[in-house]
Amino acid sequence: MGSNSSRIGDLPKNEYLKKLSGTESVSENDPFWNQLLSFSFPAPTSSTELKLLEEATISVCRSLVENNPRTGNLGALIKVFLSRTKELKLSAECQNHIFIWQTHNALFIICCLLKVFIYEMSEEELQLHFTYEEKSPGSYSSDSEDLLEELLCCLMQLITDIPLLDITYEISVEAVSTMVVFLSCQLFHKEVLRQSISHKYLMRGRCLPYTSKLVKTLLYNFIRQEKPPPPGAHVFPQQSDAGGLLYGLASGVATGLWTVFTLGGVGSKAAAAPEVSSPLANQSLLLLLILANLTDAADAPNPYRQAIMSFKNTQDSSPFPSSIPHAFQINFNSLYMALCEQQTSDQATLLLYTLLHQNSNIRTYMLARTDMENLVLPILEILYHVEERNSHHVYMALIVLLILTEDDGFNRSIHEVMLKNITWYSERVLTEISLGSLLILVVIRTIQYNMTRTRDKYLHTNCLAALANMSAQFRSLHQYAAQRIISLFSLLSKKHNKVLEQATQSLRGSLSSNDVPLPDYAQDLNVIEEVIRMMLEIINSCLTNSLHHNPNLVYALLYKRDLFEQFRTHPSFQDIMQNIDLVITFFSSRLLQAGAELSVERVLEIIKQGVVALPKDRLKKFPELKFKYVEEEQPEEFFIPYVWSLVYNSAVGLYWNPQDIQLFTMDSD
């Protein structure tokens, strides 16, 4: 776009950009477009340069906003792009580098302009800009075409139909990013958008038939994790002193160039964003999550969510019910492997949650896998490094575990999987431990972290619910896992005593001073007693259902038997303490009979012998502990801001001014 534009500062003065945004109409058949689209530009290498690039081109974009109603140049540019995409597939097959390069540049400019237009105006105004056409004086046209819908359909076709080759990689990323930008109006609204023109286009009309094909393609892009072509295979001419305007804008702001694929945007983050090895997979996953979380239309459900809820395995030959729209099939094994490998990112964990929660086919498949450790271990590692993760990622990982523990088969099988040398678990050397015992250790650690740091009742509840779901199936608990269960109870007991003492002292103080408001110790006490009750129910469930499988838990109970004494007569715990008290009394008696100075091995031997002798009918039966994850009412109020925060922090090369964001609160750097 100008023979001398090789620096960011030159962009506002570029003659081709000035003509595009100026007061003169340019016909879609004008040779100007070939000149405009034959540009290259040095790529930004930092978030600072991305910001500078945005600032350098904003005046050009705003000039077009002002002049486009008279010139229709935006529409002409879009028509140029649309006409070129009709030959794009053939160009890819024929290795027509120049044609694909210019088509990519056209899409890049559209994406950059669209981003500014969306921020500067309402959706209604934006729609008008996409229908303006140059008209001769006195002429009148009653049926102007809707270029916005045509552009969206074209992008969906480009994403789903163009073969992914080295020369088409960049334009494929650009197409996905442009769709993300098209939906970015949500960023500039505090409230979740429910009646949106962008939603209307995507959920009905000409775009609707592409629903299942788009979702399938985005999933496969995530599965394949295709890396960008190496620098030597770059399809675009790199010119230092000719032909050059905004190549970096195309690659930096819109998709990220090879040298900026690890930027991930600006703004503070709870954790450093991992390096993005596949920009196409990253952008595709973000777009998929945006589409999946669009709100339903007044008269129709979100078709993209329907597609995600209903797709099946390629190995499944059963017919789809006629009532299921937008159905398709995908290779579940490939999807499972990709999910296992990508759990370090928030968005991959959110996809895993979405699939487990909404698609019964994928949930059934995953629970039947014999290598569940490949999925569970990355989730446990997220929870283990809770200090380094943002709270949303921790919640999603925890809910994934809760959904998995709803299945009894999962709860049994995890105790049969033996692991060796868990290097990331640093509190203690674990040379050999079952996956089930490791899961218990990590969940208990998360509870203890929450008790001392975040004090989030929601997190507490879900951790305890997962343990409760597993408790009846506890098998051969590792001695350290058994110790940690009792240690957690000890911590809760101390906290209970402390709050009780504070409440008593406060009550005494209130007798001498009527003016000082009392802290709400009753509420604190109620919360801690609920948690203690839950822990007692978890221990009781294990003793009742699998006592003979868990001598290490009995050993830990006996070692800390004094902890339970104060709860025997407590009205809130009397019933649930019966079995625990019975087990402690029974095995204490047998140890007493065996004499003093018993070794650990001898104590465990006595416990194993005693389990056989303990009459099972003496243990009182309680209702089975089962907790099911239930999504909050209006889940979009949580998920839509969460998804867009991921886009803001993780989309390769997409930059928005943090001061413009309304949907979620930006942390200060």
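Student: Are Tyr353 and Phe639 buried or exposed?

Tutor: In this predicted model, both Tyr353 and Phe639 are buried. Residues count as buried under 20% relative accessible area.

Student: How are the rings of Tyr353 and Phe639 arranged as an aromatic pair?

Tutor: Planes under 30 degrees apart count as stacked. The rings of Tyr353 and Phe639 lie 5.4 Å apart, centre to centre, with 15° between the planes, and the pair is therefore stacked. Tyr353 belongs to helix α16 (residues 346–358) and Phe639 to helix α28 (residues 636–650), so this pair ties together parts that are 286 residues apart in sequence. Tyr353 and Phe639 also belong to one aromatic cluster with Tyr629, Phe638 and Tyr642.

Student: Where do Tyr555 and Tyr559 lie?

Tutor: Both are in helix α25 (residues 551–559), four residues apart, about one turn of the helix. Tyr555 is partly exposed, at 24% relative accessibility, whereas Tyr559 is exposed, at 64%.

Student: Which ring does the charged end of Arg84 sit over?

Tutor: The charged end of Arg84 sits over the ring of Phe99, 5.0 Å from its centre. Likewise, the charged end of Lys200 sits over the ring of Tyr201, at 5.3 Å from the ring centre.

Student: How many disulfides does a search of the whole structure find?

Tutor: The search finds zero disulfides. For Cys207, the nearest cysteine sulfur is that of Cys153, 3.4 Å away. A disulfide requires the sulfur atoms to be within 2.5 Å, so Cys207 is in no disulfide. Cys207 is buried, at 0% relative accessibility.

How values were computed: Residues are numbered from 1 along each chain as its sequence is written. This is a predicted model: local features need pLDDT of at least 70, side-chain atom pairs count only at pLDDT 80 or more; totals for chains, interfaces and linings use all residues. Side-chain values use heavy atoms; hydrogens and water are left out. Buried means under 20% relative accessible area, exposed over 50%, partly exposed in between (1.4 Å probe, protein chains only). Rings of Phe, Tyr and Trp (its six-membered ring) pair if their centres lie within 6.5 Å; planes under 30 degrees apart count as stacked, over 60 as edge-to-face and the rest as tilted. Helices (H or I, at least four residues) and strands (E, at least two) are DSSP runs, numbered from the N terminus. A charge sits over a ring if NZ of Lys or CZ of Arg is within 6 Å of the ring centre and within 35 degrees of the ring normal.
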